[in-house]
Number of protein chains: 2
Amino acid sequence: MSAKTRESTKPMLASIKEHPGKRADSTARLRQRVLDAALTCFAAAGVEATSVADITRLANVSTGSLYHHFDSKNGIAEALYLQGLDQLNSGVLGRLNRCRSARTGVRSVVLQYAEWVSANREMAGFLYAGDVVMSDAARLERKRMYGRQIRAVFEWFARYVARGEMRHIPADTYVPLISGPIQEYTARWLSGDAQRSPAALKALFADAAWNAVKT
Amino acid sequence: MSAKTRESTKPMLASIKEHPGKRADSTARLRQRVLDAALTCFAAAGVEATSVADITRLANVSTGSLYHHFDSKNGIAEALYLQGLDQLNSGVLGRLNRCRSARTGVRSVVLQYAEWVSANREMAGFLYAGDVVMSDAARLERKRMYGRQIRAVFEWFARYVARGEMRHIPADTYVPLISGPIQEYTARWLSGDAQRSPAALKALFADAAWNAVKT
DNA sequence: GACATACTAGAACGAGATTCTAGAAAGTTG
DNA sequence: CAACTTTCTAGAATCTCGTTCTAGTATGTC
């Protein structure tokens, strides 16, 4: 089917490589092309409704090639998911670590969250759609990431809790209290049930977050 | 394959019908058997990993029969999803409508939510897993349900907002502020990342909800 | 310049969702 | 109750993918 677009036996990558090109280079390029194409498809139609053929077509890659670099269609979805989640998490954590008071820290979590999802709508939509069926390995990885995030966030908060500037509640309730509302609102927005972007309402949700955990 | 379990040409429904049995009766019975079987499978393994054969086997129904009553495997998932969501919503709304003060009303939403998910873990897990790929029709129906719920909840709140007992904020931010945290916590609990059941922490989240919207 | 490794291509395979064909039960009408 | 229609059941046949397999082609190394 896509044989028509292949004009010769020369690899199509030749035209993309600007330098003589190490193999590693073109490999990385192809992997990325596949990931980009997959995100576009997944965000538009969901993982299940996207066929491998859709991805190979958009990425301009053969079936064999795709399977040489990835385990399975779902493996691509998992890789994207973990990559997106990590990006979101580290954005939040990075900003939090530059804060110097309990209030700005708590607010920063919400603000960063709102800004990120508004700026990365395609990835956010993919993450929220939740149609990635996680393998045990990916599930474990996600749990590890979530645990690390919770721990890092909680450690940051700990000193303020100790000083009595923040409430003392079970460790795993901080994140739901702080980011639950903005996440819930974001889900509505992504599914088209809410009009205003999370970024437009970030102040409201940031205030609410601080209000929920301050003493 | 399942021919082994079919002992004769007599319909297996005969043994189930206690009355002479109208057709509508046995039809409803079969539909429900399929839905029950599907929920069990979906909750255990997810929609994608469940085969139609799994469902027909557990429900003791033939392929043709199943497809006579449902469009597709995904159609079954959609029906279950909407049914579960409706149950959850009406539970919340019913309880809210029996409340006589802003504070008890707001708290009741959270309490009901926590109790329902803790009591209906299988359905809750299915709803939260989010692995139902919604058709346009189902998406529309969900939007309609969500809109109705938001409106009903907001109408209830409206009088207290007018009296100045509750904050005046955009209509579609009340639900995220009130139930966002408990929902977020529930998601963690269902995926095994949090230990205590939502019901065990309901008071904490109910207080937080009231705190978030009171004046 | 021969061998190894990394990669690409697309055909073949197999699992499983959906459709099709045949026929049985229930309901209706005379 | 006999003829006829409609609803429902059964399971085989089909068709759509995801994945694997076979046959290569480039790149790098000695």
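## Exercises on helix packing and a chain contact

In chain A, Ala102(A), Arg103(A), Val106(A), Arg107(A), Val110(A), Leu111(A), Ala114(A) and Glu115(A) of H5(A) touch Lys202(A), Ala203(A), Phe205(A), Ala206(A), Asp207(A), Ala209(A), Trp210(A) and Val213(A) of H9(A); contact means heavy atoms within 4.5 Å, and helices are DSSP runs (H or I, at least four residues) numbered from the N terminus. This is a predicted model, where local features need pLDDT of at least 70, side-chain atom pairs count only at pLDDT 80 or more, and totals for chains, interfaces and linings use all residues. Residues are numbered from 1 along each chain as its sequence is written, chains are lettered from A in the order in which they are written, and side-chain values use heavy atoms, leaving out hydrogens and water.

**Exercise 1.** Find how H5(A) and H9(A) are oriented to each other.

*Solution.* Start with the axes, lines fitted to C-alpha atoms over the stretch in contact, with angles from 0 to 180 degrees between N-to-C directions. Those of H5(A) (residues 102–119) and H9(A) (residues 202–213) come within 8 Å and cross at roughly 140 degrees. The two helices are therefore oblique, a class left after under 35 degrees (roughly parallel), over 145 (roughly antiparallel) and 65 to 115 (roughly perpendicular).

**Exercise 2.** Describe the contact between chain A and chain B.

*Solution.* First, count residues: chain A gives 31 and chain B gives 31. Next, take the buried area (accessible area, 1.4 Å probe, lost on being put together, summed over both parts): about 2,900 Å², with 59% from carbon and sulfur atoms. Glu48(A), Tyr146(A) and Asp193(A) supply 17% of the area that chain A buries against chain B, more than any other three residues. Finally, look for salt bridges (a Lys or Arg side-chain nitrogen within 4 Å of an Asp or Glu carboxyl oxygen): the count between chain A and chain B is zero.

Definitions and conventions:
Buried area = accessible area lost by both parts, 1.4 Å probe.
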